[in-house]
Amino acid sequence: MNLYDSLPDAAPTVFGAEAVAEFSYDVLTVDVPVGSWISALEIARDKLGCTYFDWLSAVDEPGTGFRICAHVASLENHRVRRLLLRTTVPHSAASLPSAVAVYAGAEWHERETFEMFGVTFTDHPNLVPLLLPENFEGHPLRKDFVLAARVAKAWPGAKEPGEAHDPDAPKRRQMLPPGVPDPNDWGPMKGQLPPAPARPARTPRAAGAAGAAARTPREGAPVRRTRSVTEGSATQPPAETTAEAAPRPPRRTRSVAEGSASQSPQADAATEATGEAAPRPPRRTRSVSEGSASQSPPAEAPRPAPRSSDAPWHDPKPAFEEPPTPPEAEPAEPAEPAGSDAAPESEPKTDPKTDSTPDNGGDA
């Protein structure tokens with residue numbers, strides 16, 4: 001079992017009585033005092049097996065100091081164990097012993113932390129600026145570092161839409177981000193800018209009708225009519241002014257056996273006369289094939305669709321046509337004698353000139 005697995009419970013025993021440890025998100029965090037900073041790094045390397053140095057940096061905590069953090073890890077037995085060592089130095093004395101003698105990879109990170117936060121690492125072999133220009137003044141990652149670019153040019157949230165057109169209009173309170181001072185207190189325009197006009201305070205509104213009465217209507221506006229909840233809105237019709245509304249007839253209650261009010265009253269009359277409910281006719285039973293009583297009787301068989309000459313399947317023909325049957329021979333007529341006249345006999349024609357009928361001179 002590795003000594004790392006006994007943490008964070010054994011942190012006072014391993015790192016000293018003032019060490020405080022916690023384990024969260026697979027990272028073991030141990031806070032040690034400034035005097036135990038180098039010894040804590042040596043314990044992490046020699047006893048916990050954290051031979052891999054990852055990074056070192058700082059965090060500016062206003063009112064507390066600079067919190068120096070070093071992240072190391074152990075890679076034994078193909079398992080990654082993470083350890084975050086932290087210590088805090090005050091703003092007034094931002095100095096800490098260098099960790100280069102324990103982890104050589106801390107040299108570059110300590111130079112960056114010195115440049116960005118102003119924390120001095122004693123015994124560092126080459127503590128010189130790393131990223132910023134030579135003439136740069138200040139430490140950009142401190143919370144009190146002044147952002148000169150925001151002072152020279154108003155940041156996007158300094159004005160609301162429409163404020164630039166009316167310079168005399170009251171402005172909202174400017175919200176300056178951390179590190180951006182008032183341009184009238186710091187920068188090239190120090191003491192030359194007029195104070196921002198104060199916005200008039202808003203008067204609290206009175207609730208209810210008292211608040212509505214306290215408002216001053218604009219000139220020419222009609223008087224606003226106030227209506228209570230019971231009166232309703234102005235678009236609703238006025239309530240009846242009669243002292244007593246016409247009484248409604250009592251609602252008739254009917255049981256399930258009596259049926260609804262829309263049913264015929266014969267059954268009710270028979271019930272009132274005899275005192276007994278009239279017997280209902282027997283319920284007609286129908287099979288599934290017959291269907292329900294509301295269904296129509298079975299329709300006639302559908303007529304076949306008319307055949308069309310355009311569709312060949314409506315008038316099928318055989319593949320091979322049979323030869324037509326010859327007609328039966330008629331009996332031959334007897335032959336006429338050769339000397340006879342073949343022409344039929346015709347009636348004798350009477351010549352009107354040779355007509356021997358006497359003209360009696362009578363009427364025709």
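This is a predicted model: local features need pLDDT of at least 70, side-chain atom pairs count only at pLDDT 80 or more; totals for chains, interfaces and linings use all residues.
**From a buried glutamate to the strands and salt bridges**

Glutamate 115 is buried and yet has no salt bridge, since the nearest side chain of opposite charge, that of arginine 111, is 7.0 Å away, whereas a salt bridge would need a nitrogen within 4 Å of a carboxyl oxygen. Leaving out residues up to four places away in sequence, glutamate 115 touches Pro129, Leu130, Leu131, Leu132, Gly138, His139 and Pro140.

Tryptophan 37 has contacts, beyond four places in sequence, with Val32, Leu56, Ile68, Ala70, Leu85, Arg86, Thr87, Leu96, Pro97 and Ala99.

E3 and E4 pair in the antiparallel sense over nine bridges, with aspartate 60 standing opposite phenylalanine 66 in E4. These two strands form a hairpin with three residues between them, and glycine 63 in the turn has a positive phi of about 80°. E4 and E5 likewise pair in the antiparallel sense over nine bridges, and here alanine 73 stands opposite arginine 82 in E5. The hairpin of E4 and E5 has six residues between the strands, with asparagine 77 in the turn adopting a positive phi of about 55°. E4, which takes part in both pairings, is mostly covered, nine of its ten residues being buried.

Strand E5 also holds arginine 86, a residue that counts as buried because its relative accessible area is 17%, under the 20% limit. Arginine 86 forms a salt bridge with aspartate 31, the closest N and O atoms being 2.9 Å apart; since arginine 86 lies in strand E5 and aspartate 31 in strand E2, the pair ties together parts that are 55 residues apart in sequence. Aspartate 31, at 25% relative accessibility, counts as partly exposed. Beyond its neighbours within four places in sequence, arginine 86 is in contact with Thr29, Val30, Asp31, Val32, Trp37, Arg67, Ile68 and Cys69.

The count of salt bridges comes to four. One of them joins the side chains of arginine 79 and aspartate 5, at 3.7 Å from N to O; because arginine 79 lies in the loop between E4 and E5 and aspartate 5 in the segment before H1, this pair ties together parts that are 74 residues apart in sequence. Arginine 79 is partly exposed, with a relative accessible area of 43%, and aspartate 5 is partly exposed as well, at 29%. Asp5, Arg79 and Arg81 are linked in a network of salt bridges. Arginine 45 forms a salt bridge with aspartate 46, with the closest N and O atoms 2.9 Å apart; arginine 45 is partly exposed at 30% relative accessibility, while aspartate 46 is exposed at 52%.

A last stop is alanine 19, placed in the loop between H1 and strand E1 (20-24) and buried, with a relative accessible area of 8%. Beyond four places in sequence, alanine 19 touches Ala11, Pro12, Val30, Asp31 and Val32, and its C-alpha atom is separated by 7.4 Å from that of proline 33, 14 residues apart along the chain.

Note on methods
Residues are numbered from 1 along each chain as its sequence is written. Side-chain values use heavy atoms; hydrogens and water are left out. Buried means under 20% relative accessible area, exposed over 50%, partly exposed in between (1.4 Å probe, protein chains only). Lys and Arg count as positive and Asp and Glu as negative; His and the chain ends are not counted. Contact means heavy atoms within 4.5 Å. Helices (H or I, at least four residues) and strands (E, at least two) are DSSP runs, numbered from the N terminus. Two strands pair if DSSP finds at least two bridges between them.
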